[in-house]
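Please look over the sequence and the structure first.

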Amino acid sequence: MEGDGFTRREVAVLIVGVSVLFVAGTLGFMRLLHESWHAALYRTIVSASLTGLDTTPRGFGAELLTIGVVLSGVAIFGYFAAQLFDSVAHNVFGGAWREKKRQKMIDQLRDHIILCGYGRVGRRAGEELREAGQPYVVLDFSEEALAHAREMNDLYVEGSGAEDEDLDKAGIERARGIIVASDDDGDNLYIVLSAKARRPDLNVIVRASSEEAERKLRLAGADRVVTPYTTAGRVMAQMMIKPQVASFLNAMTSSGGPSFEEILVTAACGAVGRTIGDLDIGSQTGAQIVAVRKADGLELRPTKDTVLDESDVIVGAGSAEQIAKLERMFEPRNVVAK
């Protein structure tokens, strides 16, 4: 990492500089003083390293060359000393400076996701968030997890989601939600309890390894519980029984498929009380409304006669450009006072 030692470029510059100085000095002294190559090389090294001269060079040209070698040696070894000092200073003081800078960036986040547990499941969740452009903060204490976070240039907090202080550092008061992806059900339970105690309204999605753990996590307040083993078994069975359906669903939800977005219907957007047909969403945006979450449940395949109410959540599907148009359609409109 930058600041932790010499970079390859700095080492290459140093090697090239020393080599050019030694070769040029040796050739110059051989020509001007008619010395053998090893005597000229010795004179160059002695002059460049500032250890002194055996004899005063004869002639104006040899004196100028000696001055040039001395000044070049000062410049090269001064550069080396400066880089060495910078490396030591960063190793001694840089860790605290980088942590302070990273915490400042976290403090500026709003509506981000806190990702507790950065193992295999957590890293996959991080990839999805990164591709979607959703800001997130990794919260983990494992050195392996933190090393991966640094490698991916993720914002991270070294600590545990069960500790209030660490949740504060991750910005729980400003977070949109928290994904709890530890492979230990007990740790996940404590994290859910801690998060919900701080923010009862926070959307908490948690991983569970069994149905019993899922039941306890729901009782603790988790909004969604995902059981990877159950889900994997279901998907594998569907691939065997209904391979084409499984391939279609996989294509629809993969990064190469259409984009999906949830949009909240607010009173200020002008769509409340109107039907999907009245809004002419398909012609205006090109996107399709595939579902509407209403107060009494999820309505799949809504028709043109579906009336949109305040606080409904519509699920749109389409290209990135079409989704952007759909989001603009449901943005709050400025109300002009009469």
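Predicted model: local features only at pLDDT ≥ 70, side-chain atom pairs only at ≥ 80, totals over all residues.

Aspartate 223 sits in the loop between α8 (211–220) and β6 (224–226), while lysine 196 belongs to helix α7 (residues 185–198), so the contact ties together parts that are 27 residues apart in sequence.

Aspartate 223 is partly exposed, at 29% relative accessibility.

## Bridges within helices

The whole structure holds 16 salt bridges. One of them joins glutamate 128 to arginine 124, with 2.9 Å between the closest N and O atoms. Both residues lie in helix α4 (residues 120–132); they are 4 residues apart, so about one helical turn separates them. Glutamate 128 is partly exposed at 38% relative accessible area, and arginine 124 is partly exposed at 46%.

Lysine 216 is partly exposed, with a relative accessible area of 41%. For glutamate 212 the value is 41%, again partly exposed. Elsewhere, shared partners link Arg124, Glu127 and Glu128 into one network of salt bridges.

Which phi does aspartate 111 have, although it is not a glycine? The angle is positive, about 55 degrees. Aspartate 111 lies in the loop between α3 and β1 (113–116). Its relative accessibility is 51%, so aspartate 111 counts as exposed; the cut-off is over 50%.

Aspartate 280 also has a positive phi, near 50 degrees, and is a residue other than glycine. This aspartate 280 is found in the loop between α11 (276–279) and α12 (281–285). Aspartate 280 is partly exposed, with 34% relative accessible area.

## A nonpolar surface patch

Phe60, Leu64, Ile67 and Leu71 form a nonpolar patch on the surface. Together they have about 440 Å² of accessible area.

Leucine 71, one of the four, lies in helix α3 (residues 60–107). Leucine 71 has a relative accessible area of 55% and is therefore exposed.

Conventions: Residues numbered from 1 in each chain as written. Heavy atoms only, no water. Patch = residues over 30% accessible without salt bridge, like charges linked within 9 Å, V, L, I, M, F, W, Y side chains within 5 Å. Areas by Shrake-Rupley, 256 points an atom, 1.4 Å probe, with all protein chains shown as cover. Salt bridge = Lys/Arg side-chain N within 4 Å of Asp/Glu carboxyl O. Helix = DSSP H or I, 4+ residues; strand = E, 2+ residues; numbered from the N terminus. Buried < 20%, exposed > 50% of the residue type's maximum accessible area, 1.4 Å probe, protein only.
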